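Try each task before you read its solution.

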Amino acid sequence: MEPDHRNKIAHRKAILVTSLQVLYCPPAPKAKTNLSGMHSKFIGCKLYISESRNTMAIDTIDRAARSNPQVAVISKFEDCLYNRVRYTLVSYIINDSSTGEVIYSPIMKVLLTMMEAAFSTINLELHSGAHPRMGVNDDLSFHPLGQATMEDAAWLAKQVASDIGNDLQVPVFLYGAAHPTGKSVSAIRRELGYYRPNYKGNQWAGCMLPDILPMKPDEGPTHVSHERGATTVGATPWIENYNVPVLSKDVATVRRITRRVSGRGGGLPTVQALALFHGDDCTEIACLLDPDHVSANQVQTVVEQIAAEQGLEVEKGYFTDITKDRIIDKYFKIACAD
């Protein structure tokens, strides 16, 4: 492997490490005990925004993300080649004592503030990158943590989706437990042509959606603003992001490997995978994993085995986010230190 490629891999991993280090605060044991005693239900959210090269936009979104100390930014991951950033946030949920229904979480307002900040600083028509997207705020997922239920996560997802659609006038497609039939986000994306590059064969540029959507959104208008695009919002179990670099620029071959890895292609159950061009000599297999069913080690092993059949070298994969077993402890450390 060429030294410059090692540097690229190291740089990608360093971005995540730096983000986590910046966000770390030493724990306050007594405060942690009080917080865990007050709340037993928590919600994790991942917001994917189509930008990472515009420093002014990212700074504005960062400020919005930290607008409420009751909401902790657990991690942030940026990739300039994909031109995409992901924020992972956690906060508590309050349920009605008589009905058990969710009545409040401070995370809702923070998410909407972040999305408004993104819309005010990013124009999708001017955006390009090596990762598919259909909106400035491309995807927002809700994940129950602690004693929270999937119903709690779905309620929050639907409330925020309604605000995005009605107040921000952006089409929203629901998925997972937030959708009436549990429709997957990948199914929605396939119907909308999300995975088809529209620039240089392996890039996405400008708004890729038609003015009038081919399917009715669950919230918001059917007309698409080319500056804002559309958004998907869903509720699912905790998902881990794991990317495996394949040292090849032959995207077509890596896509065939990807299909054999993914659950949809008959590979590892529940795994969603996408082959994405990532620099001059690398194509990444970007995977979404349900850690309760499949481990990153399993994915790594299968990718290496299939790639070896094609004579391709594979680098050690990397997580782009904190793992499920660490997230609540990380939340307590950050929230209780404020």
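The protein chain has a mean pLDDT of 90, and 89% of its residues reach 70 or more. pLDDT is the predictor's confidence in each residue, from 0 to 100. This is a predicted model: local features need pLDDT of at least 70, side-chain atom pairs count only at pLDDT 80 or more, and totals for chains, interfaces and linings use all residues. Residues are numbered from 1 along each chain as its sequence is written, and side-chain values use heavy atoms, with hydrogens and water left out.

**Exercise 1. Find the stretch where pLDDT stays under 50.**

Step 1. Look at residues 11–33, where pLDDT stays under 50.
Step 2. The model has 40 contacts for them beyond four places in sequence. Contact means heavy atoms within 4.5 Å.
Step 3. Where pLDDT is low, predicted coordinates should not be read in detail.

**Exercise 2. Give the strand order of the open sheet and name its edges.**

Step 1. Strands (E, at least two residues) and helices (H or I, at least four) are DSSP runs, numbered from the N terminus. Two strands pair if DSSP finds at least two bridges between them.
Step 2. The 6 strands run in the order β2-β3-β1-β7-β10-β8, with mixed pairing.
Step 3. β2 (72–79) and β8 (172–176) each have a single partner strand, so one side of each lacks a neighbour in the sheet.
Step 4. From one strand to the next, the twist averages 15°. Axes are lines fitted to C-alpha atoms, for helices over the stretch in contact; angles run from 0 to 180 degrees between N-to-C directions.
Step 5. Glycine 176 has alanine 235 in β10 as its bridge partner.

**Exercise 3. Which strands does helix α4 touch, and which does helix α9 lie across?**

Step 1. α4 (residues 107–121) touches β1 (41–49), β3 (84–92), β7 (137–146) and β10. Its direction makes about 160° with that of β3.
Step 2. α9 (residues 324–337) lies across β1, β2, β3 and β7, at about 115° to β2.

**Exercise 4. Asparagine 83 and threonine 270: is each buried or partly exposed?**

Step 1. Buried means under 20% relative accessible area, exposed over 50%, partly exposed in between (1.4 Å probe, protein chains only).
Step 2. Asparagine 83 sits in the loop between β2 and β3. Its phi is near 55°, a positive value in a residue other than glycine. At 4% relative accessibility, asparagine 83 is buried.
Step 3. Threonine 270 lies between α7 (251–261) and β12 (272–277), in a loop. Its phi is near 75°, also positive. At 39%, threonine 270 is partly exposed.
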